[in-house]
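Please describe the aromatic packing, the ring–charge contacts and the paired strands of the model shown here.

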Amino acid sequence: MNTTVSILFYIKRSKTNNEGICPIYARVTIQAKRFEFSANKYVNPERWSGEGSKVKGTNEEARTINSHLDYLKNQVLEAEKRLFKKDIKVTSENLKNELFGAAETKRMLIPIFQDHNNKIKELVGKEYAPGTLERYKTSLSHTIEFLQWKYKVCDIEINKIDHAFVTDYEFWLRSVRNCANNTAVKYIKNFNKIIKLCLANDWLDKNPFANYKSKVKEVERVYLSEEEIQNIIEKDFKTERLSLVRDIFLFSCFTGLAYIDVKNLTKSHISIGIDGEKWIFTHRQKTETASKIPILPVTQMIIDKYENHPQSNNQDKLLPILSNQKMNAYLKEIAGVCEIEKELTFHIARHTFATTVTLTNGVPIESVSKMLGHKNLRTTQHYAKVLDKKVSEDMKILRDKFSMKSINQEQKQLKSNF
């Protein structure tokens, strides 16, 4: 028996009756969690020994009450033994149910999951982004579909969730839902949060994820080269629509801001930085971390260009940005016009800022991480790995040049020998 059950008897002075006597209560503590119940006995406070947790003296009243308290203590210890025999974890709730014969509450997965999502909904805009709520709503929907597919039920008791449940769920995500590796891992991670919630509340005895392992595969981030950026800058677009999309995209290339963060920008987000120059001071909606970005000349030119744009003024926005869907559709058109073979999306601009605009030009990775609003430097280091590949390619070109020089020198040496 590894679990320590502590039993303490005490008097509740706050419930002293008109006759001046107090009720005796029992407090049972297990792993810092406790429950209390009445011993159904009363005693004069002056006759109670707080140190000994019993009535003072050896008279008949003292012997009767103390004997009853010993009986209650034995009842608690016997209930603990019964739990061990049943192979049920000794928790405060389980012991209380065993002691008083209360029916065990059946806790179902879907209401717990839904309650979790409802709480996130209430905190959207405060602690969570709208996208976070949507991901958990999708996760709940997938969980319900899996239960119907695997067990032909619409809900399940949480104590029936085991390691096999988790692995079958992952298999269903990969096969039936046809999720890619990283997508499947993310849905399982969301589900694991619900399991952790159950464990924290002592609703589960064992962790179904104890021996489960999954790994997110690194995805190579696409970014634009310096030449490709220059092509987009210099291209003369005939329509105002494409010119606008090009400018907003370049704004992101030179600030590293994601679409939603560009959309949320107002003129009040621009202020003077520590160096006396203009900076953008904002918070990422995704993580709510601060982003402080010095404004580069290209960025300032774009801001100036749309300073008096009707849409910006009417909506109190820094730039007249279109919907993300329209931006991505028009960016594909821009890629075709500029002969860029990469699948151009708005988020590539953020990757381009991290690689081509900053890291390639010698900006320290710590500074890049801060401007991107990353919580962890490891997230930014992924871009450095991408650049390692570029360094390898650049060095190959240099190596080939030296090889050619060596061959030419050898040929000259051979000619001079004849």
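This is a predicted model: local features need pLDDT of at least 70, side-chain atom pairs count only at pLDDT 80 or more; totals for chains, interfaces and linings use all residues.

Residues are numbered from 1 along each chain as its sequence is written, and side-chain values use heavy atoms, with hydrogens and water left out.

**Helix H5**

Helices (H or I, at least four residues) and strands (E, at least two) are DSSP runs, numbered from the N terminus. Helix H5 covers residues 163-175, 13 residues in total. From first C-alpha to last, H5 reaches 18 Å, close to the 18 Å expected at 1.5 Å a residue. That expected span is 1.5 Å times one less than the number of residues.

Phe-165, Val-166, Tyr-169, Glu-170, Trp-172 and Leu-173 of H5 are buried. Buried means under 20% relative accessible area, with exposed over 50% and partly exposed in between (1.4 Å probe, protein chains only). Seen down the axis of H5, the buried residues fall within an arc of 160°, so they line one face of the helix. The arc is taken from the directions from the helix axis to the C-beta atoms. These buried residues pack against helix H4 (130-151) and helix H6 (181-200); contact means heavy atoms within 4.5 Å.

**Aromatic rings**

The whole structure holds 18 aromatic pairs. Rings of Phe, Tyr and Trp (its six-membered ring) pair if their centres lie within 6.5 Å; planes under 30 degrees apart count as stacked, over 60 as edge-to-face and the rest as tilted.

| Pair | Centres apart | Planes | Helices |
|---|---|---|---|
| Phe-146 and Phe-165 | 5.2 Å | 90° | H4 and H5 |
| Tyr-169 and Phe-191 | 5.4 Å | 90° | H5 and H6 |

Phe-146 is buried at 0% relative accessibility, and Phe-165 is buried at 0% as well. Tyr-169 and Phe-191 are both buried too. One aromatic cluster includes Phe-146, Phe-165, Tyr-169, Trp-172 and Phe-191.

The charged end of Arg-27 sits over the ring of Tyr-10, 4.5 Å from its centre. The criterion is NZ of Lys or CZ of Arg within 6 Å of the ring centre and within 35 degrees of the ring normal.

**Strands**

Two strands pair if DSSP finds at least two bridges between them. Strands S6 (residues 270-272) and S7 (residues 278-283) run antiparallel, joined by three bridges. Ser-271 has Trp-279 as its bridge partner. Five bridges join S7 to antiparallel S8 (residues 290-294). There, Thr-282 is partnered by Ser-291.
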